[in-house]
Amino acid sequence: MLLIIPAVEIKGGKCVQMVQGAQGFVYSDDPIEMAKLWRKENAKSLHVTDVDGAMEGRLVNFEVIQRMVKTVDIPIELGGGLRTFDEVKKALDIGIYRVIISTMAIERPEEAKRTLNTFGASKIVLGIDAENGIVQTRG
């Protein structure tokens, strides 16, 4: 069985299509409605990226993401801006199912290890972004 997980990328509180790390276009002004639409289409899970968070190194669209978690009854995994133990905890505390850490693992491996040891492998995913075979960090 194949599980397809729709992705919602949020920048400036809106849903954007990112192309090679650059914003292509805004396709929805309301990430909450997009999450509801995917749920209506029978999505079993959602992948959400806080694009602003990836660039700034902290959760920026937190309130929008929190509303998404409260609105839909499916697991949401989150990436973007999760560079500290506290940011990961903050996301998990609102009901995020799983988080993706990348930059933290490379730039702060001890913090990543603490995060993994505290929350476990089912909640923490290591994401590696690469361009032309070179690992990229910081969004």
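**Close-up 1. R114 and the ring of F85.** In this predicted model, R114 lies over the face of F85, at 3.6 Å from the ring centre, where a charge counts as sitting over a ring if NZ of Lys or CZ of Arg is within 6 Å of the ring centre and within 35 degrees of the ring normal. F85 itself is buried, with a relative accessible area of 8%; buried means under 20% relative accessible area, exposed over 50%, and partly exposed in between, with a 1.4 Å probe and protein chains only. K90 lies over the face of another ring, that of F62, at 4.4 Å from the ring centre. The model is predicted, and local features need pLDDT of at least 70, side-chain atom pairs count only at pLDDT 80 or more, while totals for chains, interfaces and linings use all residues. Residues are numbered from 1 along each chain as its sequence is written, and side-chain values use heavy atoms, with hydrogens and water left out.

**Close-up 2. The aromatic pair of F85 and F119.** Rings of Phe, Tyr and Trp (its six-membered ring) pair if their centres lie within 6.5 Å, and planes under 30 degrees apart count as stacked, over 60 as edge-to-face and the rest as tilted; by this rule the count comes to one aromatic pair. The ring centres of F85 and F119 are 5.2 Å apart and the planes meet at 25°, so the pair is stacked. Because F85 belongs to helix α4 (residues 85-93) and F119 to helix α6 (residues 109-119), the pair ties together parts that are 34 residues apart in sequence; helices (H or I, at least four residues) and strands (E, at least two) are DSSP runs, numbered from the N terminus. F119 is partly exposed, with a relative accessible area of 22%.

**Close-up 3. Y27 and its contacts.** Y27 is placed in strand β3 (residues 22-28) and is partly exposed, with a relative accessible area of 32%. Leaving aside residues up to four places away in sequence, Y27 touches A7, V8, E9, C15, V16, Q17 and M34, contact meaning heavy atoms within 4.5 Å. From C-alpha to C-alpha, Y27 and G80 are 19 Å apart in space, and they are 53 residues apart in sequence.

**Close-up 4. N42 in its loop.** N42 is found in the loop between α1 (31-40) and β4 (46-50), and has a positive phi of about 75° although it is not a glycine. At 44% relative accessibility, N42 counts as partly exposed.
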